[in-house]
Amino acid sequence: MRAITFFMALSLASAATLGKMDSQFVTKAAQGGLAEVKLGQLAQDKGSNQSVKDFGAQMVKDHSEANDKLKSVVSGKGVSVPDSLNAKDQALYDRLSKLSGTQFDRAYISAMVKDHVEDVAEFRKESKTAQDADIKSFAAKTLPTLEHHLQMAQDAQKQLGATSKK
């Protein structure tokens with residue numbers, strides 16, 4: 001009986017783990033989503049332009065929802081989802097938190113354009129190449145929202161006269 005239980009547990013555990021590429025995508029997506037929420041909250045507090053504040057609010061709402069969906073998708077798949085900013089995102093948060101007014105607005109929106117260009121590319125790739133069907137579906141369903149965020153950020157960037165060279 002123990003042997004059967006052991007092998008059942010082993011097969012469930014191996015079936016429930018993600019491959020390396022899918023696991024890396026999940027970690028990166030979770031870190032990015034967490035950063036979008038934190039930076040969106042900062043934009044709501046420090047933004048001087050209403051479109052920047054509104055964009056920040058949209059980031060908090062959409063990325064909080066996506067983060068919750070991702071956690072649900074990976075539950076039981078042997079992947080832990082980060083719950084704090086990585087060093088790169090923390091450095092961006094710290095840099096932006098020292099800015100104010102138009103300077104903050106332009107730097108934040110430029111960072112969001114750059115970030116969402118990368119996110120769209122990564123989610124598009126994962127929606128086609130993921131080995132895990134749940135991860136593939138999550139990426140495909142989240143992609144249109146990220147594409148919309150990119151368009152919103154680019155529109156705000158044009159309005160502010162900012163560039164994304166930072």
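Helix 3 and helix 6 are roughly antiparallel to each other, because their axes cross at roughly 170 degrees and angles over 145 degrees count as roughly antiparallel (under 35 as roughly parallel, 65 to 115 as roughly perpendicular, the rest as oblique). The contact (heavy atoms within 4.5 Å) includes Phe55, Met59 and His63 of helix 3, and Phe138, Leu146 and His149 of helix 6. By class, the residues of this contact are 14 nonpolar, seven polar and three charged. Here Ala, Val, Leu, Ile, Met, Phe, Trp, Tyr, Cys and Pro count as nonpolar, Asp, Glu, Lys and Arg as charged, and the others, Gly among them, as polar.

The model is predicted, so local features need pLDDT of at least 70 and side-chain atom pairs count only at pLDDT 80 or more, while totals for chains, interfaces and linings use all residues. Residues are numbered from 1 along each chain as its sequence is written, and side-chain values use heavy atoms, with hydrogens and water left out.

Helices are DSSP runs (H or I, at least four residues; strands are E, at least two), numbered from the N terminus. Axes are lines fitted to C-alpha atoms over the stretch in contact, and angles run from 0 to 180 degrees between N-to-C directions.

| Helix pair | Axis separation | Angle |
|---|---|---|
| Helix 2 and helix 3 | 7 Å | about 150 degrees |
| Helix 3 and helix 6 | within 11 Å | roughly 170 degrees |
| Helix 4 and helix 5 | within 10 Å | roughly 160 degrees |

Helix 2 and helix 3 are likewise roughly antiparallel, and their crossing is left-handed (the near helix is turned anticlockwise from the far one by less than a right angle; clockwise would be right-handed). Among the residues in contact are Ala30, Gly33 and Val37 of helix 2, with Gly56, Val60 and His63 of helix 3. The classes in this contact are 12 nonpolar, eight polar and three charged.

Helix 4 and helix 5 are also roughly antiparallel, with a left-handed crossing. Leu92, Arg95 and Leu96 of helix 4 touch Phe104, Ala107, Tyr108 and Ala111 of helix 5. Six of these residues are nonpolar, none polar and one charged.

The largest pocket has a volume of about 540 Å³. Its lining has 30 residues, of which Lys88, Asp89, Asp115, Glu118 and Asp119 are the closest to the centre. Two or more lining residues come from each of helix 2 (20–46), helix 3 (50–74), helix 4 (87–97), helix 5 (101–129) and helix 6 (133–160). Helix 2 gives the most, nine residues. The lining divides into 12 nonpolar, seven polar and 11 charged residues.

On a 1 Å grid over the protein atoms alone, a pocket is an open set of points where a 1.4 Å probe fits, with protein on both sides within 12 Å along at least five of seven lines, and lining residues have an atom within 4 Å of a point. Points are joined across faces, edges and corners, and the volume is the space filled by probe spheres set on them.
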